[in-house]
Amino acid sequence: MKKTFVGLLAALSVLVSCSSNEPTNVVTPNARQLAWADAEVGVLIHFDMPVYQPDYNFRKWGTHPDASIFNPTELNTDQWLETAHKLGAQYAVLVAKHCSGFSLWPTEAHDYSIKQSPWKNGEGDIVADFIASCKKYNIKPGIYASTTANGYLYVDNPGVVQEGGPVTQEEYNKIVTQQLTELWSNYGELFEIWFDGGVLSKDQGGADVLSLVQKLQPNAIAFQGPYGHPNLIRWVGNEEGVAPYPCWSTADSTTNADGTRVINGLNGDPFAPFWCPGESDFTLRWNRSFQGGWFWTAGQDSMMFTLPELLTKYETSVGRNTNMLLGLVVDNKGLIPEADVRQVEALGHEIARQYGTPLQQIAGTGSEYTISFDKPTSINRVVIQEDISKGERTLKYLLKGKKENEWIELSSGSSIGHKHINRFDSQTVEAIKLVVTESKADPQIINFSVFETL
């Protein structure tokens, strides 16, 4: 899952005074981006031909597996979404078409989909089943459909038909348009749409994806979507659940991706003109396992990150002002393996155990916030959240603990945004103080909460 995207440098220069308390030129998200940030945790579900033919390489043109091998005899999308629910996921993204070109819905665009498979005698629709399960578990649905790679049609990044392919570039663009029209028209409103590797722009010879998304899914959040769509989010630069720090929601560039260049400044920029927050995707299984951990293969059910490792990924994704998107595999029976289900459920419990109930919690407006304890208390974690509907205002802050009437520094930082988790060595203190030392406008803190050492 290689992700690249263009940085469209803005001609606009935004000048904001760090000393002024007036919210001049503070960039704010729209309602859809706010709802997306509040969701915090999602899952990304992969199911494609490598599950049935592990040695398949989509770049070996003309060697794509026959659709007849795709037959998940126990497929149950309710089990997938029940697993996501156990994690606490608020949204789920299904990989409806990955690099093979095989489509998990009965597309009319070409003859390589579940319609040509023995599953349900060619009458099934996994995308429809997935959407129904999302509704059942009250999880917001999303769809991933790669436009940049298609082994069946000899297409490679950034969405270009290779020499000897069975279709012309113009024909492929029509197929892209038809498939996205099917996915964006037939399954209701989508919470998020995913472009792995971005989108070959119309100017560079690709399909007019921007007009299509504006027409069919104008409210959807678009990961690496076409420039000009108002609800864009960006990649953080790795598949390890580690957002860079600081990680600002604003950026000098958005994700107008033709797949040929990589954006500079993955941290974002607090003075930039675009609201384009990050999403941190990572796998439950080790990155060195089959297909980078994104796909299932036999004999690897024990190859998963440990619970402490996964909790750290939560803290370096959600806890660094991005959303966390956990990759889940589906086996050849059509189920998330039980070992994975147990680990996902354990992670959900651990997140709730460690971050569900703070010792104390306050909110307010201004540069200083203090929480006092009835008795000296050992703490090692603090969560801070800004009211991002009013923009990211904090630029630098300190956390101080009071010990024997003396304030000592516990931690410091810059970007807060939707959520920042601070971990530090355990300290027994009588009080803790958040001091914003630099800001673009009056800080708006909706959550300053402290947690006891476990």
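These questions and answers walk through the strands and helices of a predicted model.

Biologist: What should I know about numbering and confidence?
Modeller: Residues count from 1 along each chain as its sequence is written, and side-chain values use heavy atoms, with hydrogens and water left out. The model is predicted: local features need pLDDT of at least 70, side-chain atom pairs count only at pLDDT 80 or more, and totals for chains, interfaces and linings use all residues.

Biologist: In which order do the eight strands of the barrel close?
Modeller: Strands are DSSP runs of E, at least two residues, and helices are runs of H or I, at least four, numbered from the N terminus. Two strands pair if DSSP finds at least two bridges between them. In the barrel the pairing is parallel, and the order is β1-β2-β3-β6-β7-β8-β11-β12.

Biologist: Which residue in β2 stands opposite L44?
Modeller: β1 (residues 41-46) and β2 (residues 91-97) run parallel, joined by four bridges. Opposite L44 stands V93.

Biologist: At what angle does helix α3 run to β2?
Modeller: Angles run from 0 to 180 degrees between N-to-C directions, with axes fitted to C-alpha atoms, for helices over the stretch in contact. Contact means heavy atoms within 4.5 Å. Helix α3 (residues 126-136) lies across β1, β2 and β3 (140-145), and its angle to β2 is about 175°.

Biologist: Which residues in α7 does α2 meet?
Modeller: From α2 come Q79, T83, K86 and L87. Their partners in α7 are E338, V341, V344, E345, L347 and G348.

Biologist: Which are the edge strands of the open sheet?
Modeller: Six strands pair antiparallel in the order β13-β18-β14-β17-β15-β16. An edge strand pairs on one side only. The edges are β13 and β16 (406-413).

Biologist: Is β18 mostly buried or exposed, and how many residues are buried?
Modeller: Buried means under 20% relative accessible area, exposed over 50%, partly exposed in between (1.4 Å probe, protein chains only). Five bridges join β18 to β13, and seven join β18 to β14. β18 (residues 444-452) is mostly covered, with seven of its nine residues buried.

Biologist: Which residue in β18 is the bridge partner of Q361?
Modeller: β13 (residues 360-365) runs antiparallel to β18. The partner of Q361 is S449.
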